[in-house]
Amino acid sequence: YFMTMRSGVFRRDQLALLREYGITIVGGTRQGLGAVDRLARWNMPRSAPRPTTGAGGRVAAMLAGRARPTIHEGDAKRMLAEAGLPVAREQQIATLAGAQAAAAAIGYPVVLKVVSPQIIHKTEVGGVRTDLGTGLEVKSAYVEMVNGVSRAAPQATIDGVLVQKMVAGGRETIAGVSRERAFGPLVMFGLGGIYVEALRDIVFRIAPIGPLDAHDMLKGIRSVAILDGVRGAPPVDFAALGEVLQRVAQLAVDFEAIAELDINPLLAFPQGAIAVDARILLAPAVPAP
């Protein structure tokens, strides 16, 4: 129970008596409504979906023994898939013949992306080729991309090429986690792609999060009208985006080795959402005592 009051309505001994019987006193209607709102949020069920035991074990195995702090895109998305997140169909290969075979198996059109632990922003060094519709286009793009990246980033080690199904359309969003010393993992959501740095329209919540938290995040960005649909465009699948946010949050809660996780872009459709690119940064290993 709680009561609102105006200054001077109760004497100090009367206030003490009310508090003795468990009645909280707040200083006015605005504070009272704020207290009700926070009480409701505190008591709401936190039903964030957790990875199954088997999936959690597989993610743990993928994280174990990592010598490099950055997990490249292919492995990062495999971890996300194990945690139940939707990712674009892809294969990592090391040869031109493998790239052509993977493209045929995945189905055209496809995207080629260079895989290197030293290259974070692949487009800046020419490490991405999109909308490839034939085996000849894959061959030409593969040779040009690998040679171009070798010239642009001679210090980089090229581990292979990611052949990914081309995903067209959708609205670009970003989802991720960063681990803060004071709060633990913070979940982030906003508009993705080129809009992240230009607009900085992002919101945060402390993990883990429940369905209502996820809904508040999705509706809390300033540019939510883009997701709701403008000029006759249908709204995106908010339920699918909310599921992604909850699973990303739980992944960070379950695995303290994950220092940062970014999914950008996370493409949102009228039905469903899909992670097109991802990056995971691991926390420094703590020496055993």
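**Reading the strands of a predicted model**

A: Let's start at a turn: β11 and β12 form a hairpin with 4 residues between them, and Gly-272 in that turn has a positive phi of about 95°. This is a predicted model, where local features need pLDDT of at least 70, side-chain atom pairs count only at pLDDT 80 or more, and totals for chains, interfaces and linings use all residues. Residues are numbered from 1 along each chain as its sequence is written, and side-chain values use heavy atoms, with hydrogens and water left out.

Q: How many helices and strands are there in the protein?
A: Helices (H or I, at least four residues) and strands (E, at least two) are DSSP runs, numbered from the N terminus. Here the protein has 10 helices and 13 strands.

Q: Which strands pair with β11 in the antiparallel sense?
A: Two strands pair if DSSP finds at least two bridges between them. Strand β8 (residues 171–180) pairs with β11 over 7 bridges, and there Glu-172 has Leu-267 as its bridge partner. Strand β13 (residues 278–282) pairs with β11 over 5 bridges; Asp-262 has its bridge partner, Arg-279, in β13.

Q: How many residues of β11 are buried?
A: Buried means under 20% relative accessible area, exposed over 50%, and partly exposed in between (1.4 Å probe, protein chains only). In β11 (residues 258–268), 8 of the 11 residues are buried, so the strand is mostly covered. For the protein, buried residues make up 44% of the 289 residues.

Q: What is the strand order in the open sheet of 4 strands?
A: As a general idea, side chains in a regular strand alternate between the two faces of the sheet. In this case the order is β4-β7-β5-β6, with antiparallel pairing. β4 (90–93) and β6 (128–132) stand at the edges with a single partner strand each, so one side of each has no neighbour in the sheet. From one strand to the next, the twist averages 20°. Within the sheet, 6 bridges join β5 (residues 110–115) to β7 (residues 160–165), and Val-111 stands opposite Gln-164 in β7.

Q: Which strands does helix α5 lie across?
A: Axes are lines fitted to C-alpha atoms, for helices over the stretch in contact (heavy atoms within 4.5 Å). Angles run from 0 to 180 degrees between N-to-C directions. Helix α5 (residues 96–106) lies across β4, β5 and β7, and runs at about 170° to β4.
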